[in-house]
Amino acid sequence: MSQLILKNTLAQIIARVLVVFFSFFLVRLLINYLGRDEYGVYSFVIAVVVFFATISDWGTNIIAVREAAQNRKKQKEIFNTVLFTRLLFSIAALLLVNLMVRFYSPWREFITPITISSFVLIFLSIKTSLAVIFQTLLRLELNALVEVVGSISFFLLTLFFLKAGGDVNWVLTGWIMSAI
């Protein structure tokens, strides 16, 4: 069991280091290509969307991992319930953020980038649901792999879109693509 714990811990540490590394260079890349104003739009949109992502969570991760670990015979049912519930809440969050951006006048100038990025809520919900499965099965190296691949792909897609003359909307599209 201690080797499993060591393997999972090392996987998480290595993944976190790689994600931070690519995130640092992503920020540098975004500031250099987008400039301060567009980077500000990017930061605001990410903050708003991630805030609404909390609606699809409601603490279901911890509860689901505990229940699935204790009830091995019902794991499939628990995993399906978590996925369905989280998807339902992520769709509600997607609708809510899109209604809010359209009816809250200070946010209206961000309709396009928020609308584009709001679709990431569904994919983040699926990714987090997978994390429940990986945690329950003590396969955190798989969760680490998902995080690293997502981070690298977001960096590379952003680099590609910005080199091709893309704007903040293309960067946010890259975020969705990397979440997939």
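Predicted model: local features only at pLDDT ≥ 70, side-chain atom pairs only at ≥ 80, totals over all residues.

**Entry 1: the pocket**

Then I asked which helices each supply at least two residues of the lining. I noted α1, α5 (120-136), α6 (140-163) and α7 (168-179).

**Entry 2: the overall layout**

I stepped back and went through the helices and strands. I found 7 helices and 0 strands. Reading along the sequence, I jotted the pattern as α-α-α-α-α-α-α. For the dimensions, I have the C-alpha trace spanning about 50 × 35 × 20 Å along its principal axes.

**Entry 3: α3 against α5**

I picked helix α3, residues 75-103, and looked at how its axis sits relative to α5. The two axes come within 8 Å and cross at roughly 155 degrees. An angle over 145 degrees counts as roughly antiparallel, so α3 is roughly antiparallel to α5. I also noted that the crossing is right-handed.

Which residues meet here? From α3 I listed Q75, F79, V82, L83, R86, L87, S90, I91, A93, L94 and V97. From α5 I listed L121, I122, S125, I126, T128, S129, V132, I133 and T136. By class, I put this contact down as 13 nonpolar, 6 polar and 1 charged.

**Entry 4: α2 against α5**

I stayed with α5 and turned to helix α2, residues 60-70. These two pack at an angle of about 35 degrees, and their axes are 9 Å apart. I have this crossing down as right-handed.

On the α2 side, the contact is made by N61, A64, V65, A68 and A69. On the α5 side, I wrote T128, V132, Q135 and T136. The class tally for α2 with α5 came to 5 nonpolar, 4 polar and no charged residues.

**Entry 5: α1 against α4**

My last pair was helix α1, residues 2-53, and helix α4, residues 111-118. Their axes come within 10 Å, and they cross at roughly 45 degrees. That angle makes α1 oblique to α4. I checked the handedness too, and α1 and α4 cross in a right-handed way.

Which residues of α1 meet α4? I found V41, F44, V45, V48 and V49. Their partners in α4 are P113, I114, S117 and S118.

Definitions and conventions: Residues numbered from 1 in each chain as written. Heavy atoms only, no water. Axes fitted to C-alpha atoms, helices over the stretch in contact; angles between N-to-C directions. Helix = DSSP H or I, 4+ residues; strand = E, 2+ residues; numbered from the N terminus. Parallel < 35°, antiparallel > 145°, perpendicular 65-115°, else oblique. Left-handed = near helix turned anticlockwise from the far one by under 90°. Contact = heavy atoms within 4.5 Å. Nonpolar A, V, L, I, M, F, W, Y, C, P; charged D, E, K, R; others polar.
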